[in-house]
Amino acid sequence: MDSLVIEGGRRLKGLVEVPASKNASLPLMCLSLMTDQPVRFSNLPQVSDILSMKALLASLGVHQESHGHFHSAKLKSVRAEYDLVRKMRASILCLGPLVARWGRAEVSLPGGCAIGERPVDIHLKGLELLGAEIKLEGGYIHAKANRLKGCRLPLEFPTVTGTINLMMAAALADGESVISNAAREPEVAEVAEALRTMGLTIEGEGSPEIKIQGKQDLNGLDWQIQADRIQLITYLAAGAITGGEVTCTPYRPKSIDRVIEKFRDMGCSVEESASKILLSAKPPFKPVNIETAPFPGFPTDAQAQFMACLTLGDPEGGFSRIRETIFENRFQHVSELRRMGAQIRLRGNLASIKGVSHLSGASVMASDLRASASLVLAGLAAHGQTQVLRVYHLDRGYEKLEEKLTALGAQIRRVPQ
Ligand code: EPU
């Protein structure tokens, strides 16, 4: 298990080229299960979650000529094994496409994970409404259907992967489906746009109601994946916490409005153009209140990074408050940030943060992807040396993190174990 060693206290400055979005790429890759034509991506990221999805698709028999090229004229299996699913919960995204195109799927039930229980009941209920027969047996979801039938799909909660799974299943069903209370995240909208390019009639993505006219055959796809808005936020936060100046590109206006609002409330300056965003900052930050929510609300995936920044609030300025409403256990960075000198009080899903004048370097343990990012941010700002252990969590979703931070002026190196 590699670790990262950071000598903190350097002001970061410069331009970051933001890689393609992991959370858009994972479902986009599953579109290859839905057509007998090739599906190609020009900029598929090189992070370990993408490698896990490639391994899963390979195990099903999807031919991959090179990184980003997928072709599934025939499949050799419709079973997503536990060993692959337990590495990455997003493996559940193959369920909708498999049952819709191939009439059968056996997908290991993802267990809980570090950030919460994360059930998949909404995915399964939706597939049943579309006419699939679902059984849970031996730790696997067994799904079958001769042909799915379009219907109304009201979601109890606007789940991101749930909306996408059902959108993909409904795409190959007979007739019209309407998903209501759909997730509105840009990654969901991108999958809908890609499906439209494959010949599907679909409208309403980005709104709570998505209408789909099912189709028997879809065309192939040549696609460039949007930049990762969560990596982008993380690099802006690296600029903020070090009192620096960071520009990120490509940037999609309207994709992180609530985040920009909070950076500004903290006292950072943010300038946007059609393709770039620039943040400059000077801690201490003004205290702010944040509540995570489905898009267009404040993303849970940026909560940990903001908490790291807010530890450097004005010690006389009162408390910042962060309420996490999406996942029940997404505060594992708190105890590690405390070890670096942060003053954070936790009550259930509410964290109250009192600013301190500085953080001190320490050895800290990464527990999940975004918690790890927050510890790296804290290390960049801390006095002295920080060692972030278990960085394999970061490798799931951050491409060339050390390289990008070094180019901004950070002193950070990976220590292989
Ligand atoms: N939920 C249910 N039942 C379901 C589905 C979800 O109760 O059938 C609950 C979850 O337990 C959770 C809430 O609904 O409390 C939201 O979960 P959602 O399904 O929206 O999350 P997800 O689709 O599993 C995606 C991202 C996460 C991101 C969340 C929220 C991917 C591959 N993952 O997960 O990304 O945090 O949406 O925006 O797109 C990350 O990248 O670090 C990450 C965890």
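## Ligand surroundings

In this predicted model, the ligand is surrounded by 21 residues. Asp121, Thr159, Thr161, Asp301 and Ile326 are the closest of them.

For Thr161 the distance is 2.6 Å. For Arg370 the distance is 2.8 Å, and for Lys22 it is 3.1 Å.

## Helices H1 and H2

Lys22 also belongs to the contact between two helices, H1 and H2. Helix H1 covers residues 22-30 and helix H2 covers residues 48-60; their axes come within 10 Å and cross at roughly 10 degrees. The two helices are therefore roughly parallel to each other, since angles under 35 degrees count as such.

On the H1 side, the contact is made by Lys22, Ser25, Leu26, Met29 and Cys30. On the H2 side, Asp49, Ile50, Met53, Lys54 and Leu57 take part. Sorted by class, the H1 contact with H2 holds 6 nonpolar, 1 polar and 3 charged residues.

## Sheet E2-E14-E16-E15

Four strands make up an open sheet with mixed pairing, in the order E2-E14-E16-E15. Its edge strands are E2 (13-17) and E15 (269-272), each of which pairs on one side only. On average, neighbouring strands here are turned by 15 degrees against each other, direction ignored. Strand E16 (residues 277-280) runs antiparallel to E15 and is joined to E15 by 4 bridges. Ile277 in E16 is the bridge partner of Glu272.

Helix H8 (residues 229-241) lies across E2, E14 (245-249) and E16, at about 165 degrees to E14. Helix H9 (residues 257-265) lies across E15 and E16, and runs at about 145 degrees to E15.

## Sheet E17-E18-E20-E19

Another open sheet consists of 4 strands in the order E17-E18-E20-E19, again with mixed pairing. Strands E17 (289-291) and E19 (343-347) are at the edges and have a single partner strand each, so one side of each has no neighbour in the sheet. From one strand to the next, the twist averages 15 degrees.

Within this sheet, E18 (residues 319-323) and E20 (residues 350-354) pair in the antiparallel sense over 5 bridges. Arg323 stands opposite Leu350 in E20. Helix H10 (residues 303-310) lies across E17, E18, E19 and E20, and its direction is at about 170 degrees to that of E18.

Notes: Residues are numbered from 1 along each chain as its sequence is written. This is a predicted model: local features need pLDDT of at least 70, side-chain atom pairs count only at pLDDT 80 or more; totals for chains, interfaces and linings use all residues. Side-chain values use heavy atoms; hydrogens and water are left out. Axes are lines fitted to C-alpha atoms, for helices over the stretch in contact, and angles run from 0 to 180 degrees between N-to-C directions. Angles under 35 degrees count as roughly parallel, over 145 as roughly antiparallel, 65 to 115 as roughly perpendicular and the rest as oblique. Contact means heavy atoms within 4.5 Å. Ala, Val, Leu, Ile, Met, Phe, Trp, Tyr, Cys and Pro count as nonpolar, Asp, Glu, Lys and Arg as charged, and the others, Gly among them, as polar. Two strands pair if DSSP finds at least two bridges between them. A residue is near a molecule or strand if one of its heavy atoms lies within 4 Å of it. A polar contact is a pair of N or O atoms within 3.5 Å; within protein, one must be able to donate a hydrogen and the other to accept it, and residues adjacent in sequence count only if both atoms are side-chain atoms.
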